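Biologist: I am new to this structure and would like to learn how to read it. Could we start with the overall layout and then go to single features?

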Amino acid sequence: MEIREADLPGIGRKYCIRTRAGEQLTIVVHNDERREVYHMEEKGEGTLSVVTLDDEESRTVSAILAGITYKPKALEAQEVLLDDLVIEWLRLDSTSWFIGRSIGELGIRELTGAAIIAVVERDKHKVFNPGPEYVFTAGSTLVASAERCQFKALQRLMNNMDTSHVKK
């Protein structure tokens, strides 16, 4: 997923999101607390639909989308924010270069500051507080705890194909 942000002076802030499926959403958060959600044509040249929400409606919709009102069984990416602490669930697909590598080999904590606090494997077996010897497998969901900036570093590490920093 790709997200771009831009300030809109006198208006608010704009977020452009391209989903993994290639769809584009544009969300404008107005200074008066309104939110506009635009579903764009594939190349972003036109609008397919738009929804305008007030602050209360936006918070209700975001709670639904965040899984606060209902938590689906298959967790792909979910976060809980506690001050600066973020807990995130990340599903590892078969193309992730984490697959077949251990936590220690990847140097996750040293490179990002993030801690892997649990892993839910494809067969639903749960590993709590996995050690540095734990080896990631495809289809697993890792649960990481970090501050937001550390979590972003973890995401960059997960998407990095350069393994020169990985311990041998």
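Modeller: This is a predicted model. Its chain holds 4 helices and 10 strands. Along the sequence they follow the pattern β-β-β-β-β-α-β-β-α-α-β-β-β-α.

Biologist: What share of the chain's residues is buried?

Modeller: Of the 168 residues, 35% are buried. As for the surface, the accessible area of the chain is about 11,000 Å², and carbon and sulfur atoms contribute 53% of that.

Biologist: How much of the contact in the chain is between residues 24 or more positions apart?

Modeller: Among contacts with a separation of 6 or more, such pairs account for 42%.

Biologist: Now a helix. Which residues of α4 are buried, and which are exposed?

Modeller: The general idea comes before the case. An α-helix has 3.6 residues a turn, so residues three or four places apart point the same way. Here, α4 covers residues 148-159. From first C-alpha to last, the 12 residues of α4 reach 17 Å, close to the 16 Å expected. F151, A153, L154, L157 and M158 are buried in α4. Seen down the helix axis, the buried residues of α4 fall within an arc of 155 degrees, so they line one face of the helix. C149, R156 and N159, on the other side of α4, are exposed.

Biologist: Let us take a loop residue next. Where is S140, and is S140 buried or exposed?

Modeller: S140 sits in the loop between β9 (126-128) and β10 (141-147). A residue counts as buried under 20% relative accessible area. S140 is buried because its value is 0%.

Biologist: Which residues is S140 in contact with, beyond its neighbours within four places in sequence?

Modeller: They are L90, R91, L92, V119, V120, E121, R122 and Y134. The S140 side chain also makes a polar contact with the side chain of T137, at 2.9 Å.

Biologist: Y134 is on that list. How many aromatic pairs does the structure hold?

Modeller: There are 2 aromatic pairs. One of them joins Y134 and F136, with 5.7 Å centre to centre and 80 degrees between the planes. Planes over 60 degrees apart count as edge-to-face, and the Y134 and F136 pair is edge-to-face. Both residues are buried: Y134 has a relative accessible area of 10%, and F136 has 1%. Together with F98, Y134 and F136 form one aromatic cluster.

Terms used:
Residues numbered from 1 in each chain as written. Predicted model: local features only at pLDDT ≥ 70, side-chain atom pairs only at ≥ 80, totals over all residues. Heavy atoms only, no water. Helix = DSSP H or I, 4+ residues; strand = E, 2+ residues; numbered from the N terminus. Buried < 20%, exposed > 50% of the residue type's maximum accessible area, 1.4 Å probe, protein only. Contact = heavy atoms within 4.5 Å. Areas by Shrake-Rupley, 256 points an atom, 1.4 Å probe, with all protein chains shown as cover. Polar contact = N/O pair within 3.5 Å; in protein donor to acceptor, adjacent residues only side chain to side chain. Phe/Tyr/Trp six-rings, centres within 6.5 Å; stacked < 30°, edge-to-face > 60°. Expected span 1.5 Å × (residues − 1). Arc of directions from axis to C-beta.
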